[in-house]
Amino acid sequence: MSEPGAALTDLALGLVTLACSPLLRHPNVNPNWRRTVWWAAAAALAGFVHHGFMTSHDDLEGPSWAVISGMVVVTISFSLAATVTDVLGPGRRRLFWLLRAASLGAYGILALFGHYGIGTILACEGVTMVCVLVLWSVALARHHPEAPRMMVALGTSAIAGCTRALPRDVTEIVGLDPTSVYHLAQIPPMVLLCVAVRKRQAPSGALMRHASVE
């Protein structure tokens, strides 16, 4: 393996995510959450192949990372679709595309100034994740029954994302590189997300109905 630490930790993330996916077979679970988890697992397993075997080939590393980046974009898209439905209710496709357009528009603006590529795409997907956090924050303020668990899962994921910026001399204390630490740090948020979605207590659109009553 060219990058054994990053490869094996991505494999662990993918396998744990797959192991948690049966929790989402409950009929009340929004199918977009299942798709989110499946794509997240697939992206992690693809990351295992990328770090383990593709990074040692200059002609394959770029296309391989492009595929994984596309899988991450799809994963985040499904999480936004699930959030819009769960928080605001069904029939909100227009709002979903409006929010997706925000991240795509951000990428378009950066591309005009010469900042384009895979890294920029992933950075702009942060706009989508902010939209997800904002929607669940509003849901929390309006006492949506799923919001507390979702905020814990999403907050833990945000904290895990920060580990990627840790300097190597810090992560080497535990014998890992920053990318490997990031992969391991993403495991608890995925488990928390699956548990939060599985334990839903109200059908989709609870917040919308609650707001209309007020």
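1. The protein exposes about 11000 Å², of which carbon and sulfur atoms supply 68%; accessible areas come from the Shrake-Rupley method with a 1.4 Å probe, and for residues only the protein chains shown count as cover. This is a predicted model, in which local features need pLDDT of at least 70 and side-chain atom pairs count only at pLDDT 80 or more, while totals for chains, interfaces and linings use all residues. Residues are numbered from 1 along each chain as its sequence is written, and side-chain values use heavy atoms, with hydrogens and water left out.

2. The protein has ten helices and zero strands, where helices (H or I, at least four residues) and strands (E, at least two) are DSSP runs numbered from the N terminus. Of its 214 residues, 40% count as buried, a word that here means under 20% relative accessible area, with exposed meaning over 50% and partly exposed lying in between (1.4 Å probe, protein chains only).

3. Among contacts (heavy atoms within 4.5 Å) between residues at least 6 apart in sequence, 70% join residues at least 24 apart.

4. Helix α1 (residues 4-20) has 17 residues, which at 1.5 Å a residue should span 24 Å, and its end C-alpha atoms are 24 Å apart, which agrees; the expected span is 1.5 Å times one less than the number of residues. The buried residues of α1 are A6, A7, T9, D10, L13, G14, T17 and C20, and what covers them includes α2 (31-54), α8 (178-185) and α9 (187-198).

5. Helix α8 is mostly covered, since six of its eight residues are buried, namely P178, S180, V181, Y182, H183 and A185. The cover over these buried residues includes α1, α2, α6 (147-162), α7 (168-171) and α9.

6. Two packed helices are described by the angle between their axes and the distance between the axes. For α8 and α9 the angle is about 20° and the axes are 4 Å apart, which makes α8 roughly parallel to α9, a label for angles under 35 degrees. The contact is made by H183, L184 and A185 of α8 together with I187, P188 and P189 of α9.

Terms used
Axes are lines fitted to C-alpha atoms, for helices over the stretch in contact, and angles run from 0 to 180 degrees between N-to-C directions. Angles under 35 degrees count as roughly parallel, over 145 as roughly antiparallel, 65 to 115 as roughly perpendicular and the rest as oblique.
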